[in-house]
Amino acid sequence: MITLKGAAGLLSSIHDITLETTFTFASLAASLKDDIILTQPATHDIHKPPIFLPPSVITFLGSACTLSSASVRMCWSALKDSIWAGNFASVLSTDCIVFVVLNVSSPTAQHTFYPPFKICQNATCNRQQNGLLLGKAEQRKAVYFSLHHGTVPAWSIQFYCESCKTTYHTNYKVVGDRRIYYDYTASLPGVVQIADHYFVDYQVAKLWKAMMHTSCTSATSCAHIYNLALAKAESTNFPNTKWFTKDVTMDHVWNAFIITSLLEDCRQHRCILDVDQRQNQSERFTQAMLDRNRRMRLYNQPLARRHFCSKCTRVFSDEGNTSESPRRWAEHHPSPKHK
């Protein structure tokens, strides 16, 4: 960890650099860590900062911090170890970063969603065994429905392993014709991909589900409420394409409801969500929902198994036995209360 005295000595040759500029540079560079790794050779050790920054990052940091290219290189040389260690991650949240216009028609997106892995996770893959980075990437424009900042434009990055033919997305990987979600038994993702170009905060999805459960709010009304109360999209520039919409739709709400519910169910039962990649979005999760509902009918809810009320329990007398044995009526005839 570099000391303030040490940093001052290394940065003293930069004319009129301020403490605020130094913190802004370090925080912005920390938020661009994934973008920096993406440009490195496949043999690069991701635990060590690269010696040089890519030209695009130098241009961005120079414009954001009002520094020359030479000054950006000097700042990186002095602070790269602390930046890479994450010591500046909490100084300026990436959610609050104001990205600048870099002489192009649209601003740099405030959010870029990367897969959680930089190296292929297939144990039998040659690239994984050799420790090579996933270098083949595809970038897509996206829309992010956030809780605190409304609807904002974003980028979605997906990695492709040329050795084992696996494609890594933000929440899942595609292997052959199967879409396999990552292991979320420890905790659910903060952001959920609900369509190819759309992402939503998990807390927003929970809000929609709570509205449906407690007040019978329709998916259309959930979408309308978000667009009116939380979107804040009127002053944000979005991709100018006919198939992009900055408004939440009924389909977005239902996709979020289904995907988060299935992920929560898989987390509770310590399993992984595995669905058919070949099917349309409207049909992709049908079998997983059928399996979940079949299990609920067979085993019921944990608390309901120990519940005996007059509506769901009947007492019958066995023939030849004077004692009465309770039998669960709900096992074969569940009341609406427990469906």
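**β5–β6 turn.** I started at the hairpin of β5 and β6, where 2 residues sit between the strands and Gly176 has a positive phi near 65 degrees. This is a predicted model, where local features need pLDDT of at least 70 and side-chain atom pairs count only at pLDDT 80 or more, while totals for chains, interfaces and linings use all residues. I number residues from 1 along each chain as its sequence is written, and side-chain values use heavy atoms, with hydrogens and water left out.

**Strands around it.** I take helices (H or I, at least four residues) and strands (E, at least two) as DSSP runs, numbered from the N terminus. Two strands pair if DSSP finds at least two bridges between them. β5 and β6 (residues 178–181) are antiparallel, with 4 bridges, and Val175 stands opposite Arg178 of β6. On β4 (residues 166–168), I found 3 bridges to β5, again antiparallel. Thr166 has Val175 as its bridge partner in β5. β4 and β5 also make a hairpin, with 3 residues between them.

**Aromatic pairs.** I searched the whole structure and got 12 aromatic pairs. Rings of Phe, Tyr and Trp (its six-membered ring) pair if their centres lie within 6.5 Å; planes under 30 degrees apart are stacked, over 60 edge-to-face, and the rest tilted. Trp76 and Trp84 have ring centres 6.2 Å apart and planes at 85 degrees, so I logged that pair as edge-to-face. Both Trp76 and Trp84 are buried. For Tyr181 and Phe285 the centres are 6.4 Å apart and the planes at 50 degrees, so that pair is tilted. It links distant parts of the chain, 104 residues apart: Tyr181 is in β6, and Phe285 is in the loop between α10 (281–284) and α11 (286–299). Tyr181 and Phe285 are buried too. I also noted one aromatic cluster, made by Phe145, Tyr198, Trp208 and Tyr226.

**Cores.** I count a nonpolar core as a set of buried Ala, Val, Leu, Ile, Met, Phe, Trp, Tyr and Cys residues joined through side-chain atoms within 4.5 Å. Which members of the largest core, with its 45 residues, touch the most other members? They are Phe145, Tyr181, Val200, Trp208, Val253 and Leu273. The largest share of this core, 7 residues, comes from α9. I checked Val200: leaving out residues up to four places away in sequence, its contacts (heavy atoms within 4.5 Å) include Tyr144, Phe145, Ile194, Trp208 and Ala256. A second, separate core has 25 residues, among them Ile37, Ile58, Phe60 and Cys65.

**Whole chain.** I count 12 helices and 11 strands. Buried residues are 39% of the 339 in the chain.

Definitions and conventions
Buried means under 20% relative accessible area, exposed over 50%, partly exposed in between (1.4 Å probe, protein chains only).
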